[in-house]
Amino acid sequence: IMAKYPPMNKPWRNLLFAVAGFGLSIICFGLSRNFYLSLLCLFFEGAFDSVSVVIRSTILQILTPEEMRGRVSAVNGMFINSSNEIGAFESGATAKLMGTIPSVLFGGTMTLLIVFFTYLKTKKLVPLGLKAWFEAEGFTAVEASILQISPGNEAHLHGFATDLIGPDRRAATRYLHTSPEF
């Protein structure tokens, strides 16, 4: 599925969906009284967690400057490894205080609340952050809604050539419109 629908296509949205799916599958697991349904819920929990790991790891590698990648990856690894241990302790303590099923439901609900809070706080930042990143990387924004096969036949106009990569991964030279009448 991830090969057909790459999670990095819209990473912010997909990460929120993956974490929300994780929370929902945990809640369903907590409410389930059927072994096979519980197994299915745990399967989806692992699948959603895998998608979020892929997105977070890719973002970490893409946005970290090359000279800092090793150090950032090491610190990230320490946080990831310790968060598993801290999470296990927190889950055990919560289960002891609240009971097993309520603690599972509480964990899934808190996950959904955090996703909702993150959505509210970051939805306006996404377009600004992407624009700033592309500008910092030296990209130029153009409206390229229609590419044409020919650069046009005007001697004084020089079309801007680009490669259009098709679904078969082959490149074909195309040109931006030089003027509206062409």
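Reader: Where is Arg169?
Author: Arg169 is in the loop between β2 (161–165) and β3 (171–176). Strands here are DSSP runs of E, at least two residues, and helices are runs of H or I, at least four, numbered from the N terminus. This is a predicted model: local features need pLDDT of at least 70, side-chain atom pairs count only at pLDDT 80 or more, and totals for chains, interfaces and linings use all residues. Residues are numbered from 1 along each chain as its sequence is written, and side-chain values use heavy atoms, with hydrogens and water left out.
Reader: Is Arg169 buried or exposed?
Author: Exposed, because its relative accessible area is 69%. The cut-offs are under 20% for buried, over 50% for exposed, and partly exposed in between, with a 1.4 Å probe and protein chains only.
Reader: What about phi of Arg169?
Author: Phi is near 70 degrees, a positive value in a residue other than glycine. Most residues other than glycine have a negative phi.
Reader: New topic. How many residues does α2 have?
Author: α2 has 29 residues. From first C-alpha to last, α2 reaches 42 Å, close to the 42 Å expected at 1.5 Å a residue. The expected span is 1.5 Å times one less than the number of residues.
Reader: What caps its N-terminal end?
Author: Asn34 does. A side-chain oxygen of Asn34 lies 2.7 Å from the backbone nitrogen of Tyr36.
Reader: Which residues of α2 are buried?
Author: Ser38, Cys41, Val51, Ser52 and Ile55. The cover over the buried residues of α2 includes α1.
Reader: Why does Ser38 count as buried?
Author: Because its relative accessibility is 12%. Beyond its neighbours within four places in sequence, Ser38 is in contact (heavy atoms within 4.5 Å) with Phe29 and Ser32.
Reader: And Ser25, where is that?
Author: In helix α1, residues 11–31. Ser25 counts as buried because its relative accessibility is 6%. Leaving aside neighbours within four places, Ser25 is in contact with Cys41, Phe44 and Glu45.
Reader: Last one. Which element gives the most to the lining of the largest pocket?
Author: α4, with nine residues. By class, the lining has 16 nonpolar, eleven polar and four charged residues. Nonpolar means Ala, Val, Leu, Ile, Met, Phe, Trp, Tyr, Cys and Pro; charged means Asp, Glu, Lys and Arg; the others, Gly among them, are polar.

How values were computed: Polar contact = N/O pair within 3.5 Å; in protein donor to acceptor, adjacent residues only side chain to side chain.
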